[in-house]
Amino acid sequence: MEGKDLEFAVNGERFKVNSVDPCTTLLDFLRLNTPFKSVKLACGEGGCGACLVILSKYDPDSDQVKEHSINSCLTLLCSVNGCSITTSEGLGNAKNGFHPIHTRLAGFHASQCGFCTPGMCISLYSALSNAPGPGGGLTVSEAEKSVAGNLCRCTGYRPIVDACKSFAADVDIEDLGLNSFWRKGDSKEAMMKSLPPYNHLLTTFPEFLKKKSVVTNVLDHSRYRWTTPFSVTELGNVLDESANSGGGSLKLVVGNTGAGYYKDDEEMFDRYVDISRVSEMLVIKRDENGVEIGAAVTISNVIDALKEEGSSNFKKMAAHMEKIGNRSIRNSASIGGNLVMAQSRKFPSDITTLLLAADASVCILNNRIIKKVKLLEFLDSPPILNSKQVLLKVVIPAWTADTGLLFETYRAAPRSIGNALPYANAAFSARVSNQTVDECLLAFGSYGGDHSIRAREVERFLTGKLLSHSVLHEAMCLLRGIIVPSKETSHPEYRKALAVGFLFEFLYPLIDNNNGHSNGHVDDPIESLPLPFLSSSQQVLESNEFNPVGEAVIKAVAALQASGEAVFVDDIPILPDCLHGAFIYSTEPLAKIKSISFGENVTPAGVFALLTFKDIPIHGQNIGSKTVFGPGPLFADELTRCAGQRIALVVADTQKHADKAAKLAVVEYDIKNLEEPILTVEDAVKRSSFFDVHPMFYPEPVGDVVKGMKEADRKILLAEFRLGSQYFFYMEPQTALALPDEDNCSKVFSSSQAPEYVHSVIATCLGIPEHNVRVITRRVGGGFGGKALKSMPVATACALAAHKLNRPVKMYLNRKTDMIMAGGRHPMKVTYNVGFRSDGKLTALELTMLIDAGTEPDVSPILPRNIMGPLRKYDWGALSFDVKVCKTNLPSRTAMRAPGEVQGSYIAESIIENVASSLRMEADEVRKINLHSYGSLRKFYKHISGEEDEYTLPLLWGKLEISSELKKRGEMVKEFNRCNVWRKRGISRVPIVHQVMQRPTPGRVSILSDGSVVVEVGGIEIGQGLWTKVRQMVAYGLGLMKCNGSDELIERIRVVQADTLGLIQGGFTAGSTTSESSCEAVRLCCVILAERLKPTVDQMMMEKSGSVTWNLLIQQVNVSFGFRTSPAYLRLHEY
């Protein structure tokens, strides 16, 4: 049966689709079939906001357009039929002019790597477009929350929030932080006028879509089935037709947000039914009996409806719902879908908990019969998902006007403002008179049970009881036996404690004579305080001495990043014959690999090849990474040495087919005659499984620990703690694109912090000369160390596949696969003995550290040196240590954002806190007592301690105490803690000593014939502003010639992508000094160029009476040299 075309618009451009897989997401379509690349795939589950777009719908009855943000990674393409989509490029772009949102984010320095920035812009635009009042009446609080569903891994939220708050109607302009729009001393009026003007206009809804009527059936039904019923009757007909035609799998769709939680559930359904337009399921009805909400009503609309109700209890429910998911998820997700997932799939729902406490009911359609049941009965019934039953509506009874009726909700989650699933939640309704509980409903959820529950035993126990401490204690004991998390639940005891704590928090204030203590709520005993606004206090010292170096200029290409036009590796247009790769990884820590196949020995659709170590060219090597400590394999050979090790590469026609085929792979293992794998550092010690550490990476002990221990008044012996691992979570996943080239060459685009090493590894793996390989890196969407070594096997595998198949090959590593393989930060076990005097002075420290390095050395042997650097920031008296780098059968750990330094500082502070606690002293006093003098600094740091006048830490320590009013604020903290039993505050200052190390970095500056300048450096732009600093340095270096107009030279300078054949020996971009090294390299280049140009400048000064413009100078050079040599004056320097 032929269906109508799917028709919609993207940035005003018309798209018609007749044949598409119904499980295709809007993001897939946008990235593969349109030129718009601002929508990014980062998490794939609606949790990061990188994929956001604006969805606009036209209502012909009201002749109005409604628009809101949605997650394109979850939204199915067919569900946007008749809608208009706007991406960040559609708001504004380089060609047609940037939107004020783009320019303000750029001007407030609110972008670093830029991968998340387009999504930030969409979130802010959505908040502005839906703000009440003419022109958008966004408040400061709403502005802050507008990006609550967006993750940024590198910028930090202060500048982003400042840019958002600049649009708020009630903003105090002086509270906004550093930006490029105004200067110090400007009046408020001048500040406001300098901001890019914003007059909100709805995105233009295309006229051709206004005339379109949405039809029931779309797509070619001979291949795909997508149906959109408009009434319950039509929905019943669809369900009957499906049942009569032999059944088959059927999926009901509203927002498809459940796919973000159940990511592994990629079943292809025989039929999709879009129920988001069923009129009866979209109704919100209010009467004296309560509120009826259609199951297809989005959570955002439910929140708006509840806020309009007169009862404060409905408003509390709405406030709790605002913490569910994020705004874009709530814009798509339906209340019915949330309940069905909780009922059928054990989804940790907040809404079921709220509705249980409200004694809500639901209406179910089953074989055209509508049945109303209590929510608790619905939750306890067999799963209705895939049962042909449909949840039609939710009924919440009216709240009686009773002053004795109490209703409260509770939620504990990793992030308090939402965008995170709860550890536990609760909602309580109780009628209390004269401290006696007349009746109560106590609901708990998300603690690890099958679904939300009512604590019936506790309800019965409390009913009729006069509240007292003993009654409360017994109720809590009863509840502990009811809240039973399942075995697979993480942190079960913590979740149980939370549930009990919620009940305590609800009932405790109702008990008289609580000894005058506050229950922890400072102002209101029931309502919790709103979160304070983010502060933007910031000091920037600017100087014109080296202008424009040091000037707070807008980061290079920041506006392009905001509009989404900045090109990352996956944004490079795909060639028609491009293939895609996905890794198959081991699920066993130590095993022989007998075979690799696919389920039922059937090759999945689209698969072209399956590559293993056997496919490496005869002159190549099985190498996927390398450091000075040795290489790491690309693939496991006959033996896999850790779970997560790469075994093979699936190559298919699309990334989706490659990922699916990798999941379908069946690996047969054999563990006979093998030792037990080493899975802990304790096992490694027992079996002496260690990596060697070169003496240069193993610091020497300091002083006599035995003597120091004898001098101690007190000791803490054999104290032990562990540090866990940490994943990088760069927003841009590991990505590479390899293109086979002529003469056995390979060109690879890699998102890497170390293109030079990627280059070398690829050449070694393929067995070809390094001059046959070219690696290009323009920018990286977040690295944090994870795009150094861990990017090498991705690029190498693509290059191997392209080399073997003679076709372009791209890989966009699946996030889950990456998290399994990445390794991350080094976990470790720390044991220590510390001696100290009764006044807090340390006398000796003995440390034993077991570092879990994983299966390969990677950079792990540098960890002892890196840990001891910041750990020695205190005068320990004497220091000895035994650090072992353990080799285990786990994924190799690697450098991650201050590798070793983070652990070293944490270890030092943990010991200081322990010492302070044992002496009943303030930790700040113990820190102050043990700060280094210059003499002890020389003792612990030796030759790297610098000169005496350079050691300023004690001076800074004192200045900070005064400028921050530390003592006054400390007394305020003590007073608060004295008055509050359950809520506590603290204040702390922590010193840091960090050894700065620089690496040689190349640079090249070229002046072109029109006077514009192109710059190449070895450092990679990861968002740290390297290109911006380099541009400033080049402008300064060339500006020393004092040509007229040289103050505007920075606008004529472009820094281009790193190319390993264009500029060799780029090294690693790491250690927080690559920008500075790159700046020094280009400064030296500018010195040479200035020397070359000086004779011409001097001559022209004489001829032009001291006035020479930059353009005139370059023109003169071109004329003088003619065609004899290049006027570009190329020169490479290493620093």
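Hello everyone, and thanks for coming. Before we look around, please keep in mind that this is a predicted model, in which local features need pLDDT of at least 70, side-chain atom pairs count only at pLDDT 80 or more, and totals for chains, interfaces and linings use all residues. Residues are numbered from 1 along each chain as its sequence is written, and side-chain values use heavy atoms, with hydrogens and water left out.

Let's start with charged pairs. Side chains of opposite charge can pair when their charged atoms come close. How many salt bridges does the structure hold? There are 50 salt bridges here, where a salt bridge is a side-chain nitrogen of Lys or Arg within 4 Å of a carboxyl oxygen of Asp or Glu.

Our opening example is glutamate 207 with lysine 210, a salt bridge whose closest N and O atoms are 3.4 Å apart. These two residues sit three apart in helix 8 (residues 207-210), which means about one helical turn separates them. When I say helix or strand, I mean DSSP runs numbered from the N terminus: helices are H or I with at least four residues, and strands are E with at least two. Lysine 210 is partly exposed, at 29% relative accessible area. For that scale, buried means under 20% relative accessible area, exposed means over 50%, and partly exposed is in between, using a 1.4 Å probe and protein chains only.

Glutamate 408 and lysine 316 form a salt bridge of 2.8 Å, N to O. Glutamate 408 belongs to strand 15 (residues 405-412) and lysine 316 to helix 12 (residues 312-321), so the pair ties together parts that are 92 residues apart in sequence. Are these two buried or exposed? Both glutamate 408 and lysine 316 are buried.

Salt bridges can also be followed through a group of residues in this model: Arg31, Lys40, Asp570, Asp571 and Lys810 are linked in a network of them.

Let's move to the sites that come from a record. In an unreviewed entry, UniProt lists Cys113, Cys116, Cys152 and Cys154 under "binding site". The four are spread over 42 residues of sequence but cluster in space, with a largest C-alpha distance of 9.7 Å. UniProt positions are given in the numbering used here, feature names are shortened, and annotations may be inferred rather than shown by experiment. Cysteine 113 is in the loop between helix 3 (100-107) and helix 4 (117-129), and at 4% relative accessibility it is buried.

Which other residues does UniProt list for "binding site"? The unreviewed entry also gives Gln753, Phe784, Arg897 and Gly1071. They span 319 residues in sequence, yet no two of their C-alpha atoms are more than 12.5 Å apart, so they gather at one spot. Phenylalanine 784 is in the loop between strand 30 (773-777) and helix 25 (792-805), and this residue is buried, with a relative accessible area of 12%.

Next, some backbone details. A cis peptide bond, with omega of about 5°, joins asparagine 547 and proline 548. You can find proline 548 in the loop between helix 19 (492-507) and helix 20 (558-563).

Asparagine 11 has phi near 50°, a positive value in a residue other than glycine. Its place is the loop between strand 1 (6-10) and strand 2 (13-17), and asparagine 11 is partly exposed at 24%. Glutamine 1065 has a positive phi too, near 60°. That residue is in the loop between strand 38 (1058-1059) and helix 34, and glutamine 1065 is partly exposed, with a relative accessible area of 43%.

One last stop is proline 861, in the loop between strand 33 (842-854) and helix 27 (863-871). Proline 861 is buried, at a relative accessible area of 1%. Its C-alpha atom is 31 Å from that of glycine 156, which is 705 residues away along the chain.

That's the tour, and I'm happy to take questions.
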